[in-house]
Amino acid sequence: MTRLVTFADGTTVPALGQGTWEIGDDPAWRDEEQQALARGIDLGLTLIDTAELYGDGRSERLVGEVIAGRRDEVFLVSKVRPDNASEMKMMLACEKSLERLGTDRLDLYLLHWEGNVPLEETVEAFRELVDEGMIARWGVSNLDMRTMERLMEIEGAEDCAVNQLLYNLGSRGVEFDLLPWMQARDMPMMAYSPLGRGELLEQPLIRDIANRHSADPAQVALAAVLRHDGVIAIPKASSVEHVEANADALEIQFDLEDIERLDEAFPPPTRETPLDII
Ligand code: NAP
């Protein structure tokens, strides 16, 4: 089953994409990781998330090899390091990412987290890259509610397409404020570490619900975040087997009992909490 999420500019992407942190780091795993990513694209997980930071460019290089000859099939997301997010440095950083990815444009370019460069300058630098045709749109990552409100006061920041945030069953704080705030602005949330880096999959309740649906624990964890409007999940998987399991996450239909048990084990937030960050 495919579900689409729509950006404020009307562009649609699949709700389930692929993460690539630590992919490309170990040469022994390269072939398997490439096959996994390619299989994911075949299965419709065509949004691929990477970053200049990951493996110091190794992740972008591996993604570039996988999408060679099929660039138009994917929605390509990369991230600029905070220390490169200035008017002086961002264009060069983006050029290097494009080179590693073997493409002339990104579909989405994110500020990885807020560093010392003023957000006003970063927004201006993003706008220059859009004008140059190097990126189609831009967004942010790891910005909490107050910083998002501060961002929105900057001229041109209304074009911010997404906020990519840590979001999974074990980390639901964003449901209290940021998620509804973003939903009201048609700003999708990209949920990173949606499997809790794999740790959630050992939780007895998640395994139990998976058994009940003849499903995989990863599918339960993904379905739990994807049941919220405007959420894009980007699990990272380095084997074809894992990608194939993840691709079926949207087949699960939770019933009321599942939701109640999940909420009891992983309670939704009842007040504002500091943003979780990896
Ligand atoms: P994750 O996707 O929550 O979990 C990845 C782990 O889950 C890996 O160990 C993977 O194992 C395992 N896994 C995947 N599918 C599985 C399946 N079907 N069954 C069992 N295990 C499975 O963690 P993540 O990599 O931290 O987050 C996802 C992506 O979000 C990253 O890759 C990155 O693109 C992005 N991210 C962004 C930020 C940010 O600051 N913006 C921070 C962290 C992550 P295998 O590798 O062996 O398949």
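Tutor: A polar contact is a pair of N or O atoms within 3.5 Å; within protein, one must be able to donate a hydrogen and the other to accept it, and residues adjacent in sequence count only if both atoms are side-chain atoms. By that rule, an N or O atom in the side chain of S238 is 2.3 Å from an oxygen atom of the ligand.

Student: What kind of model is this, and how are the residues numbered?

Tutor: This is a predicted model, in which local features need pLDDT of at least 70 and side-chain atom pairs count only at pLDDT 80 or more, while totals for chains, interfaces and linings use all residues. Residues are numbered from 1 along each chain as its sequence is written, and side-chain values use heavy atoms, with hydrogens and water left out.

Student: How much of the ligand does the protein bury?

Tutor: The protein buries 87% of the 900 Å² that the ligand exposes when taken alone. Accessible areas come from the Shrake-Rupley method with a 1.4 Å probe; for residues, only the protein chains shown count as cover.

Student: Which residues come nearest to the ligand?

Tutor: D49, S193, L195, S238 and H242 come nearest, out of 27 residues around the ligand. A residue is near a molecule if one of its heavy atoms lies within 4 Å of it.

Student: Which helix gives the largest share of that shell, and what is its make-up by class?

Tutor: Helix α9 (residues 240-247) provides the largest share, three residues. Helices are DSSP runs (H or I, at least four residues), as are strands (E, at least two), numbered from the N terminus. The shell divides into 11 nonpolar, 12 polar and four charged residues. Ala, Val, Leu, Ile, Met, Phe, Trp, Tyr, Cys and Pro count as nonpolar, Asp, Glu, Lys and Arg as charged, and the others, Gly among them, as polar.

Student: Where does the ligand sit?

Tutor: The ligand sits in the largest pocket, meaning that more than half of its atoms lie within 2 Å of the pocket's grid points. On a 1 Å grid over the protein atoms alone, a pocket is an open set with protein on both sides within 12 Å along at least five of seven lines, whereas a cavity is a set of points where a 1.4 Å probe fits but cannot get out; lining residues have an atom within 4 Å of a point.

Student: What is the volume of that pocket, and what lines it?

Tutor: The largest pocket has a volume of about 710 Å³. Of its 33 lining residues, W21, S193, R197, P235 and K236 are the closest to its centre. Helix α9 again gives the most, with four residues. A volume is the space filled by probe spheres set on the grid points, which are joined across faces, edges and corners.

Student: And the second largest pocket, what classes line it?

Tutor: Its lining has seven nonpolar, no polar and six charged residues. The volume of this second largest pocket is about 200 Å³, and D9, A136, R137, D159 and C160 lie nearest its centre.
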